[in-house]
Amino acid sequence: MPQKINWIDNLRAIACLMVIVIHTTTWYITGPLAVTGISWDVANVLNSASRVCVPLFFMISGYLFFGERSAQGRHMLRIVLCLLFYSAVALAYITWLTPISEGRSLLKLLQKPVFYHLWFFFAIIGIYLLSPLIQVKTVQPRYVALLVAVLAVLANPNTISQSVGPFHWLPVNLYVSGDSIYYLLYALLGRAIGCMDTEKPGATPLAALGFIACVIGITLGTKQMLLINGAFNDTWYLYCGPLVFIAAISLLVFCKNTLNRRTLPLMGTIARYSLPIYGFHALFIHFLRTHHYDDMANPWLDLPWVFGVTLIGSLLLAILLKRIDKHHLVS
């Protein structure tokens with residue numbers, strides 16, 4: 001952008017940290033050594049609070065590229081090179097440090113990512129391709145509220161099915177389907193809300209309360225599904241689910257209103273290196289978890305340890321990569 005936007009930098013850093021939190025805690029919830037009791041509950045709360053991370057990345061991209069400025073050829077080249085580079089890094093990791101078959105990863109390279117976290121690069125390509133066709137108009141808050149109520153809640157295929165006797169009333173079928181529609185909607189709303197005057201009286205505390213309420217709902221819903229099914233179920237964790245959608249919008253408004261005066265020192269550093277941190281972080285977590293450099297029996301020590309090592313290790317690799325990558329093609 002022509003000038004620095006402080007709330008975007010702070011929000012990007014928050015989203016980056018949340019990604020690490022999600023993948024740090026996932027092993028408690030779904031991993032081969034998944035634990036129960038208070039450890040599961042703590043991991044569930046942290047994971048639920050961080051579910052907005054990927055939606056925030058889409059919203060940031062929409063804010064930057066769905067206005068007067070759109071994604072250019074150099075942006076598309078960069079995202080494709082990032083996909084290839086971090087896939088190659090992940091493939092090297094798989095080959096040398098895991099028993100996973102690299103052959104199967106290569107055969108399905110165009111259908112699924114080499115390593116699970118790289119799916120985002122596939123998804124963002126569509127947003128970049130559409131950006132030259134889209135310039136979001138200025139809209140009123142009540143329109144955004146209506147849009148979210150209809151598309152993100154009432155007609156969202158991920159909304160929990162509701163019936164009164166034989167009459168099925170939720171979700172309403174408006175033929176809105178597929179995650180890509182919702183990733184695009186995140187990007188559109190990122191631009192619309194980013195350009196909106198959100199500093200109305202009461203808007204900031206309302207956004208904070210909305211985020212907290214959604215996190216509580218996601219946490220309790222996930223816990224309930226565990227009790228019903230006897231195993232983890234990701235219904236409430238879905239990035240396109242209604243509560244995650246509302247939580248992402250709430251956090252965007254809150255950060256826009258409260259973190260726009262300056263970029264916080266640590267947040268500025270993380271935001272600047274957020275792309276390579278994202279590219280490297282999952283490999284650190286996987287290595288620590290699969291090579292027994294963790295201690296899931298003591299989550300109060302394990303969670304900060306794995307999170308800290310992952311963040312510091314990824315940041316150091318990111319700094320090194322940026323020194324080598326003079327043209328910032330993958331950093």
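Helices (H or I, at least four residues) and strands (E, at least two) are taken as DSSP runs and numbered from the N terminus. On this basis the protein chain has 13 helices and two strands. The structure is a predicted model, in which local features need pLDDT of at least 70 and side-chain atom pairs count only at pLDDT 80 or more, while totals for chains, interfaces and linings use all residues. Residues are numbered from 1 along each chain as its sequence is written, and side-chain values use heavy atoms, with hydrogens and water left out.

Along the principal axes, the C-alpha atoms of the protein chain fill a box of roughly 55 × 50 × 40 Å. Of the 331 residues, 51% are buried, where buried means under 20% relative accessible area, exposed over 50% and partly exposed in between (1.4 Å probe, protein chains only). Among contacts (heavy atoms within 4.5 Å) with a separation of 6 or more, 79% are accounted for by residues 24 or more positions apart.

Two packed helices are described by the angle between their axes and the distance between the axes. Axes are lines fitted to C-alpha atoms, for helices over the stretch in contact, and angles run from 0 to 180 degrees between N-to-C directions. Helix H2 (residues 38–50) packs on helix H9 (residues 203–229) at about 135 degrees, with the axes 9 Å apart. The contact involves Trp40, Asp41, Asn44, Val45, Ser48 and Ala49 of H2, and Phe211, Val215, Ile218, Thr219, Thr222, Lys223 and Leu226 of H9.

Most residues other than glycine have a negative phi, and most peptide bonds are trans. The peptide bond from Leu170 to Pro171 is cis, with omega near -10 degrees. Pro171 lies in the loop between strand S2 (167–170) and helix H8 (179–194). Tyr175 is also placed in the loop between S2 and H8; Tyr175 is not a glycine, but has a positive phi of about 60 degrees. Tyr175 is exposed, with a relative accessible area of 72%. A positive phi, near 60 degrees, is likewise found at His292, a residue other than glycine. His292 is located in the loop between helix H12 (274–290) and helix H13 (299–324), and counts as exposed at 63% relative accessibility.
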